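Me: I would like to go through some labels used for this model and ask what stands behind each of them. Please set the values against the cut-offs where a cut-off decides.

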Amino acid sequence: MKVRWVVGSVLLGALALILLTGGLKRESNGERERRALVGASDGWASRAVWACDRRKLVIVEGVPAGARIPPDRAQRVADLLTDLMRYCSEEITAKIAVDQMITVAANGQVYENYVPGGPLPIVKASTGEPTRRERMIWKAELDRMVAEGNRLFHSDALGTNGLACAMCHPDAANTHPETYPKFQVQLKKVALLRDMVNWCIQNPLEGQPLSSDDARLRALEAYILAKRSGTPLHAGKH
Amino acid sequence: MYRNNLTRKEIERALAERSPEDEGLLRSLQSCDRRHFLRVSLKFAGMAAAAGIFQPHGFQLVNVAHAEAAPGEPPDIAFRFAYVSDTHLYARGMSHRFAKAALKSVEDVNALDPQPDFVFFGGDLAQRCRPDELELGRQILAELKAPLRMIPGEHDWYFDLGQKWREMFGPDRYAFDHKGVHFVAINSIIEKDFWTAKGYTPAERMDIVAGLDDGRQSRFEVGAEQRAWLKQHLATVDRKTPLIVFSHSPLYKLYRPWNFWTDDAEQVQAILQPFERVTVIHGHTHQVLTNRIGNIDFHGLLSTAWPWPYAPQGLPEYTVQMRRSDPFDQLDGCGDGRVDVHTNGRVDKHYHFWSRNPRVVTAEEMASNTIPGPRGYDGPSY
């Protein structure tokens with residue numbers, strides 16, 4: 001017990017030193033935002049502890065700023081920081097609630113329950129400014145779907161007669177997805193882009209139509225729409 | 001232009017003062033053949049002028065003198081040749097939509113009266129350059145009554161680098177004289193080797209080139225060797241002789257990403273410029289396409305297989321775009337046509353659409369050197 005006391009105190013002292021010297025360094029945006037977060041008063045006094053990489057922050061609820069953290073809780077803080085250091089490049093804010101429940105917010109996303117040693121909740125809808133890493137993940141996912149759509153669009157596998165969408169629509173030209181929905185005179189109903197994609201698959205390509213939730217149809221839509229990125233929507237235009 | 005540029009309002013105003021006979025004429029404007037249109041136009045011009053709507057010249061009556069000279073040939077038309085282009089055949093029998101379309105064009109040309117002196121095929125007979133596709137094409141074109149002049153397109157070339165095509169149709173570049181006009185056919189779809197370094201198979205190479213928007217391929221060019229041949233050959237031809245050049249790609253730079261493009265176009269044009277009258281007739285673009293650079297007129301050809309959208313940039317100012325085609329009509333935007341060569345070597349370029357009124361770009365229009373404004377066209381098709 002005594003040993004744990006000493007370890008806790010040393011760690012705390014080190015962390016405090018890090019905090020003090022770190023304050024002299026230039027702050028990143030995330031750091032500044034999170035510092036503001038620490039200062040905000042929500043009725044609970046909160047003690048903040050930074051890790052040495054300036055990317056991990058633990059907020060200990062119920063302990064006033066500047067106050068000494070009780071040894072058992074200090075140990076939890078140290079353990080949690082050590083655990084979070086597994087995620088080198090992430091900016092993580094963790095909260096230890098008065099009831100000891102741990103929640104973390106990775107890269108400015110919303111707080112999620114967290115069990116030390118468990119997976120970090122990363123890709124979630126974010127209310128904050130996305131990080132570079134998030135943007136990369138999102139772009140990679142989108143590119144993957146668009147690339148699949150691109151492949152299908154140029155493939156004769158959707159039909160039976162050797163034709164492919166791109167033969168009439170190079171670079172998805174003349175697909176004008178921004179004009180849907182519109183009343184498609186030839187179909188005698190309001191059509192969505194996917195209706196026309198299916199029409200083309202059935203007629204010029206002489207293939208079988210795809211169901212609305214077919215991954216291939218979704219990928220084709222993704223490719224066509226991505227090609228018209230930046231074009232204003234004009235539903236109903238003929 | 002066969003189709004005049006009246007607005008609906010103008011037609012309605014004219015209808016308000018119609019006689020029963022005139023009304024019939026007006027109503028038939030939407031779907032009449034050439035001879036009928038000329039008759040209608042003359043009637044209507046007179047009627048409209050009488051009504052004080054506008055001056056008859058506003059109709060852009062074209063070749064009225066020719067029509068009056070019917071039933072014989074107009075006196076200043078030296079000869080005619082027909083064209084069929086870009087059939088993109090698959091070896092899937094005669095029931096395949098592209099085979100049926102190709103056959104339709106052969107029937108069209110065979111029905112021309114009088115028959116053309118010859119038929120120019122503008123390249124892309126096959127889709128993937130397979131021997132059986134080329135063979136099917138050869139059989140379909142063998143039905144033509146008039147002699148055939150062929151050039152290769154990239155779809156005929158990049159599986160075996162033109163071996164089969166040359167076996168079937170002979171040299172990919174040649175020249176001949178016909179009734180005072182000198183014709184030169186060149187292979188403008190030469191691409192620099194992009195396949196060896198990447199280890200593409202012949203089939204992969206062909207598929208890459210067949211992808212209009214596939215950026216892995218090189219750009220089309222005539223190439224130094226062929227330019228040297230062209231220069232040497234043309235040195236023996238009198239510069240007053242009208243020159244008509246056949247190529248697959250347009251011999252100018254329109255839109256690089258789709259190879260609506262010839263990379264050494266300026267150098268080829270420089271070889272042609274010394275001649276007094278030069279016309280380039282090219283396939284590849286599957287659309288009405290008109291250009292003029294210096295003293296060279298350029299005309300595109302329709303495809304029998306499918307129309308292409310206009311390139312998003314670089315469209316020549318001389319081009320009056322065809323309207324976006326109706327995807328529900330397989331034949332719309334497709335067709336064939338003919339070229340009437342005047343005694344002075346200039347040409348009237350006829351676009352014979354299968355599902356809409358015909359279009360003609362006249363020698364007169366081109367010689368006037370005026371850039372046409374939009375006519376009956378309501379926006380870009382891409």
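Me: Where is A:Q100 placed, and why does A:Q100 count as exposed?
Reply: In this predicted model, A:Q100 sits in the loop between β3 and β4 of chain A. A:Q100 has 10 C-beta neighbours inside 10 Å, so A:Q100 counts as exposed. The phi of A:Q100 is positive, about 75°, although A:Q100 is not a glycine.

Me: Why are β1 and β5 of chain A called edge strands?
Reply: The open sheet has five strands in the order β1-β2-β3-β4-β5 (chain A), with mixed pairing. β1 (46-50) and β5 (112-113) of chain A each pair on one side only. Helix α3 (residues 71-84) of chain A packs on this sheet and touches β1, β2 (56-61), β3 and β4 of chain A. The direction of α3 makes about 155° with that of β2(A).

Me: How do you know that β1(A) and β2(A) are paired, and in which sense do they run?
Reply: The cut-off is at least two bridges, and five bridges join β1(A) to β2(A), so they pair. The two strands run antiparallel. A:W50 stands opposite A:L57 in β2(A). The strands form a hairpin with five residues between them, and A:R54 in the turn has a positive phi of about 60°.

Me: Which strands of chain B pair over five bridges?
Reply: Strand β4 (residues 174-178) and strand β5 (residues 181-185) of chain B do, in the antiparallel sense. B:F176 has B:F183 in β5(B) as its bridge partner. This hairpin has two residues between the strands, and B:K179 takes a positive phi near 45°.

Me: Why does B:D86 count as buried?
Reply: The cut-off for buried is 20 or more other C-beta atoms within 10 Å. B:D86 has 27 such neighbours, so B:D86 counts as buried. B:D86 lies in the loop between β1 (77-84) and α5 of chain B. B:D86 has a positive phi of about 50° and is not a glycine.

Me: What makes A:E129 exposed?
Reply: The limit for exposed is 12 or fewer neighbours. A:E129 has 11 C-beta neighbours inside 10 Å and therefore counts as exposed. A:E129 is in the loop between β5 and α4 (132-153) of chain A. The C-alpha atoms of A:E129 and A:L192, which are 63 residues apart along the chain, are separated by 33 Å.

Me: Why is α4(A) called roughly perpendicular to α7(A)?
Reply: The axes of α4(A) and helix α7 (residues 215-227) of chain A come within 7 Å and cross at roughly 100°. Angles of 65 to 115 degrees count as roughly perpendicular, so α4(A) is roughly perpendicular to α7(A). The contact includes A:M145, A:V146 and A:F153 of α4(A), and A:L220 and A:Y223 of α7(A). The residues of this contact divide into nine nonpolar, two polar and two charged.

Me: How do you know that the buried residues of α10(B) are on the same side of the helix?
Reply: In helix α10 (residues 265-272) of chain B, B:A265, B:V268, B:I271 and B:L272 are buried. They cover an arc of only 125° around the axis, which puts them on the same side of α10(B). What covers them includes α9 (224-234), β6 (243-247), β7 (278-282) and β9 (296-299) of chain B.

Me: Which peptide bonds are cis?
Reply: Among them are the bond joining A:Y180 and A:P181, with omega about 0°, and the bond from B:D113 to B:P114, with omega near 5°. A:P181 is in the loop between α5 (165-168) and β6 (182-184) of chain A. B:P114 is in the loop between α5 (97-110) and β2 (118-121) of chain B.

Notes:
Residues are numbered from 1 along each chain as its sequence is written. Chains are lettered from A and ligands numbered from 1 in the order in which they are written. This is a predicted model: local features need pLDDT of at least 70, side-chain atom pairs count only at pLDDT 80 or more; totals for chains, interfaces and linings use all residues. Helices (H or I, at least four residues) and strands (E, at least two) are DSSP runs, numbered from the N terminus. The arc is that of the directions from the helix axis to the C-beta atoms. Two residues are in contact if their C-beta atoms, placed from the backbone, lie within 7 Å. Axes are lines fitted to C-alpha atoms, for helices over the stretch in contact, and angles run from 0 to 180 degrees between N-to-C directions. Angles under 35 degrees count as roughly parallel, over 145 as roughly antiparallel, 65 to 115 as roughly perpendicular and the rest as oblique. Ala, Val, Leu, Ile, Met, Phe, Trp, Tyr, Cys and Pro count as nonpolar, Asp, Glu, Lys and Arg as charged, and the others, Gly among them, as polar.
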